[in-house]
Amino acid sequence: MAPGPYPAPEPISAPAALRVVHDVDGVDLTAAELAAGQFLQALGIDTDSESLRGTPGRMARAYAELFSPRPFDLTTFPNDEGYDELVLARSIPLRSVCEHHLLPFVGTAHIGYLPGHRILGLSKLARVLEHFACRPQVQERLTKQVADWLQAHLEPKGVGVVIQAEHTCMTLRGVQATGATTMTSTLLGLLRSDARSRSEFLALTGLPR
């Protein structure tokens, strides 16, 4: 007797999207406003005038916003076509705060990867950047954190991150090097070890090869 039909295999479900949320525990705007007022007064700034009366509260809310990235879902999709060339998002706007002087640094980031089994929703590259930029930072660490995080959660064949930014702690104070920018890069996987892939990525981002 011929064996009956085999049951159809269960469909492989997509992995659940990773919810990325910034921990906001410990934020106390009332205490921050009080401290901001004391800080300004200690610098000899009178906050009793009509125009400055609300400044401590605005300072507290501004820094709370700078240090609070928006939550997002890290959505990925199956790489059904086996796409194996570079995916690059260029000139992603960047703002962060230097942890040494708590002054802003602003610029752009170029983030690329060589897909493995899954591809990433393009907007999530900017979301990951924001997640790590919205905190007291140094540019070198920020560059590596973004690259390492994408490598760990997306498991691509390679990741590249290039950041170019102007640091106001360098242009507005101290040496006052107006117009100076700082560039950092992190390359992982094939974008580091494979000469052709590395050269392509650096060429597209404008870095010297």
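**Aromatic pairs, a helix face and salt bridges**

A search of the whole structure, which is a predicted model, finds 2 aromatic pairs. A pair of aromatic rings is described by the distance of the centres and the angle of the planes. Tyr63 and Phe67 form a tilted pair, with 5.8 Å from centre to centre and 50° between the planes. Tyr63 has a relative accessibility of 28% and therefore counts as partly exposed. Phe67 is also partly exposed, at 22%.

The other pair is made by Phe132 and Trp149. Their ring centres are 6.4 Å apart and their planes stand at 70°, so this pair is edge-to-face. Phe132 belongs to helix α3 (residues 123-133) and Trp149 to helix α4, so the pair ties together parts that are 17 residues apart in sequence. Are these two residues, Phe132 and Trp149, buried or exposed? Both Phe132 and Trp149 are buried.

Trp149 leads on to helix α4. This helix has 16 residues (139-154), which at 1.5 Å a residue should span 22 Å; the end C-alpha atoms are 22 Å apart, in agreement with that value. The buried residues of α4 are Gln139, Leu142, Thr143, Val146, Ala147, Trp149, Leu150 and Leu154. Seen down the helix axis, the buried residues of α4 fall within an arc of 160°, so they line one face of the helix. Glu140 and Ala152, on the other side of α4, are exposed. After the helix comes Glu155, which has a positive phi, near 55°.

Charged residues give another set of contacts. Side chains of opposite charge can pair when their charged atoms come close. The structure holds 4 salt bridges. One of them joins Asp148 and Lys144, with the closest N and O atoms 2.7 Å apart. Both residues lie in helix α4, 4 residues apart, which is about one turn of the helix. Asp148 has a relative accessible area of 31% and is partly exposed; Lys144, at 45%, also counts as partly exposed.

A salt bridge between Arg70 and Glu130 has its closest N and O atoms 2.6 Å apart. This pair links distant parts of the chain, 60 residues apart: Arg70 is in the loop between α2 (55-66) and β2 (72-74), while Glu130 is in helix α3. Glu130 has a relative accessibility of 17%, so it counts as buried.

In helix α7 (residues 195-205), Arg196 and Glu200 are 4 residues apart, again about one turn of the helix. Their side chains meet in a salt bridge of 4.0 Å, N to O. Arg196 is exposed, with a relative accessible area of 53%, and Glu200 is partly exposed at 28%.

Conventions: Residues are numbered from 1 along each chain as its sequence is written. This is a predicted model: local features need pLDDT of at least 70, side-chain atom pairs count only at pLDDT 80 or more; totals for chains, interfaces and linings use all residues. Side-chain values use heavy atoms; hydrogens and water are left out. Helices (H or I, at least four residues) and strands (E, at least two) are DSSP runs, numbered from the N terminus. The expected span of a helix is 1.5 Å times one less than its number of residues. Buried means under 20% relative accessible area, exposed over 50%, partly exposed in between (1.4 Å probe, protein chains only). The arc is that of the directions from the helix axis to the C-beta atoms. Rings of Phe, Tyr and Trp (its six-membered ring) pair if their centres lie within 6.5 Å; planes under 30 degrees apart count as stacked, over 60 as edge-to-face and the rest as tilted.
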